[in-house]
Amino acid sequence: MQTQKLNLMKKITLLLTLVAMVTWSAFAGGFQVRLQGQKQTGIGLIGTPFSFGASSIFYNPGALSMMKAKTNFQLGASGILSNVTFQKSATNYQAHTDNPLGTPFYFYGARKVTDNLTVGVGVYTPFGSTSKWDDDWAGRFLIQNISLKAIFIQPTVSYKISDMISVGAGFVYAMGDVELNKALPYNNNSSVNIKGSTNSIGYNLGIYIKPIEELSIGIDYRSKVVMEMEEGDAVFTIPASLSTTIPENNKFSASLPMPANLDVGFAYQITEDFMLAAEINYVFWSVYDSLNFTFEENGEMLNSNNPRLYENKMIIRLGGQYKLNDNFTLRVGGYYDPSPTNEDYFTPETVSLNTIAFTFGFTYMPIKNLCIDVSYLHTLGSETANSYDPANFSGTYKTQAVIPGLGISYNF
Amino acid sequence: MKKKYLLYILVLALFTACEPKIDEFAPSEGDADFTTYLAMGNSLTAGYADGALYTSGQTNSYPNILAGQFELVDGGTFTQPMMPTEAGVGVGDLGLRSKLVLGMAIDCLGTTSLGPVPFDPAPDQLEYYGYLATSVAADGPFNNIGVPGIKSFHALAPGLGLLNPYFGRFAADPTTDMLIGEVAKVNPTFFTLWLGNNDVLTYALSGGTLDSITPEPIFSGAMDAIVGTLTANDAKGAIVNIPDIGTTPYFTTVPYNALVLTDEADVAALNYGYAPLNVIINQYEGDTLAFKLGANPFVIADASLAWGMRQIKPGELILLSIPQDSIKCAGWGSMVPIPEQYVLKADQIAAIEAATEAYNAKIAGLADAFSLALVDMNSYLKEFETGMVFDGATYSAQFVLGGLFSLDGIHLNPRGNAIIANHFIDAINAKYNANLPQVIIQDYPGIQFP
């Protein structure tokens, strides 16, 4: 027991040290990443109507106090292999991203304080985006590469009112950082590097209802988290003859909103071993109206207001789970995730297209209290013609992503 | 062990599965035949830029850019009469000169600022003549027969090579050959024709002091003959109209009222100095000269007035060729009237505009009569007055900073050529139901700040 704990702790520290390096690639839905539990990922990323232990901290804090174990730890990570191909309109030019492996991760720990009261904490990565285009690609004045990541820490309390209903709430402390590079048209080597980090707060509320033994309903609301960046670093690489006009080292401020989500899910136990589930996620993307940079020095020339005009969207998810035997549980799911982007204000920094995806997963229980959870997500390539009108940059984008994931869950 | 291999294969499959495929652009020639392309015109066609004809300017000429796209639909080799020098040979006020580059220059006040400076090391006059006198005729026939400086009717002049060394250097016999004679040597299936700019421009560039505007009947007669020859073998083509001079930085960079007085004493001194002249002007009931704090119209020479000078009026133009040191340190435009060769006056501008309009009517008529693609460069370049955005970069007709024109303020830089090449492609695609791809503008060199 003690050694197992130690191993677990080692893994956690390993994961947390990786945090500094991890990046996420957007594979759908703006820059939201909902890979916060491998069991849920296997069932089409449905999570609200389940009580899968400590991962309820993210998916539905209301369901947390319904967990059966006294103490549950979960940790896991996914590998996002995603790339974009771009065909510039009216030309024979194509470009491909060379995105690094994205590795969102999660860690949850929860413990029953009393039969009805459960407390826990989660560390997870619900937002992130990486796009890496060639430095000299046709869209270099819009973006060369961008890495956006956020880590949320969420202490959570959940209370079981009765066997039929439980509620929960979590406080979110969010840490985010962003780095981007883009070329400038002054000579062949001109560019700007923008880098900054910040933190913010939010909350996560959920309710879990089990009106009859076979049916469970979950409702969850995750607040928006607005990342206000102050005093970020902007480094301009510019010709010497312009150095008096554009200072090499500048500071900037910007604000990036991470949208609120309202999730409603249903799960129905058809037989003792076979469960079907459905969920909708309403994502309040319209909060992302524009991305504005304000510079400390020479702002008159450098400040930029960049419209994004995202729209609220609803994701529809379906999935099921089948318990093969005491050691194996199989999962399958799928979803439709419409892009929140505006077709006239679509930038290659976040290539988010309407996405249909399939998921598969299984859990292997080698011993009674240990689950090894494996998931696999595959998006069907979707192809859309879009334009970023302010830059007169248009073309057809196609994305594809495969995301294997691995996690463990341990009860004691 | 087997399970491990399976895992490797799976991981490998995941990686390779991950480059999304989009159907490639499918180029087609439509109703045109781009096998043999001939570009006819003046300096704009030749690839003249930054005040000179030089190697990389020619490489980035709009015809050479177009030829690269025609290659995708069976276009053949495109041969240009290449200059042997990157320093270039241009025609300046004081003989031949090199191209201009962006650099730091010190003015008469001792102020260092960024601006066009001669290419360093600049060849001497003898070397310039050597470059122009070396015949490249043996490398021909040439698909780009753009000749800097020529007017419409020059294309039909025997022995043009004697007067114009830019033709002389690639003509088989400069003493007798006509430029139009080059057409039969190439026997094009497709041509572009952009000619007539110099029929107004030579006059305009000299402030109306040299040369004259080609009368419309002479222009029309020449163009009829040229288009007739180009289309003799049923060649298809594109014909380009003449942009207004007001679309180029050469005529728009120096404001008419850039005489800014900040000192009350200067204002008083100028008004006092011109007081005796104003007495005379008043006798003729003419416009007196007056100065105030702030922006004032420059004083210009005007030979049509008995007293020889006046203040420039809004809408009249001061040319980019004006020696700026003379304004800053020799009192030009204030104490000394700006000589006529640096100014276009209202009546001169009106004559230039009327001729441009008449030429463009003729060009549109030719496009119609011979069923050619009409490239409306006049309207297109006007759109750059306020700036146009391509792929996140703004291009405007502003001098140097606009990124469209080269450092001579008349000819385009390589990105400018790429932009107009795309405009040609749009017109050609529309006319001939072709599907030629546009080029990526920023893949061509822009203005390079040092």
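Guide: Helices (H or I, at least four residues) and strands (E, at least two) are DSSP runs, numbered from the N terminus. A word on conventions: residues are numbered from 1 along each chain as its sequence is written, while chains are lettered from A and ligands numbered from 1 in the order in which they are written. The model is predicted, so local features need pLDDT of at least 70 and side-chain atom pairs count only at pLDDT 80 or more, whereas totals for chains, interfaces and linings use all residues.

B:K345 counts as buried because it has 20 C-beta neighbours inside 10 Å. The cut-offs are 20 or more other C-beta atoms within 10 Å for buried, 12 or fewer for exposed, and partly exposed in between, with C-beta atoms placed from the backbone. Setting aside neighbours within four places in sequence, B:K345 is in contact with B:D302 and B:E316; contact here means C-beta atoms, placed from the backbone, within 7 Å. The C-alpha atom of B:K345 is also 8.1 Å from that of B:G207, a residue 138 places away along the chain.

Now step back to the domains. An automatic or database domain assignment sets the bounds, and for chain B it gives domain 1 (37-251 + 346-443) and domain 2 (259-344). The C-alpha centres of these two domains of chain B are 35 Å apart. Each side brings 15 residues to their contact: 15 from domain 1 of chain B and 15 from domain 2 of chain B. On the domain 1 side, helix 11 (249-252) and helix 14 (346-369) of chain B each provide at least two residues. That side of domain 1 of chain B is made up of 8 nonpolar, 6 polar and 1 charged residues. In this scheme Ala, Val, Leu, Ile, Met, Phe, Trp, Tyr, Cys and Pro are nonpolar, Asp, Glu, Lys and Arg are charged, and the others, Gly among them, are polar.

Chain B also touches chain A, with 26 residues from chain B and 34 residues from chain A in the contact. Helix 1 (2-16) and strand 16 (388-390) of chain B each supply at least two residues of the chain B side, which has 17 nonpolar, 5 polar and 4 charged residues.

Key. Contact = placed C-beta atoms within 7 Å.
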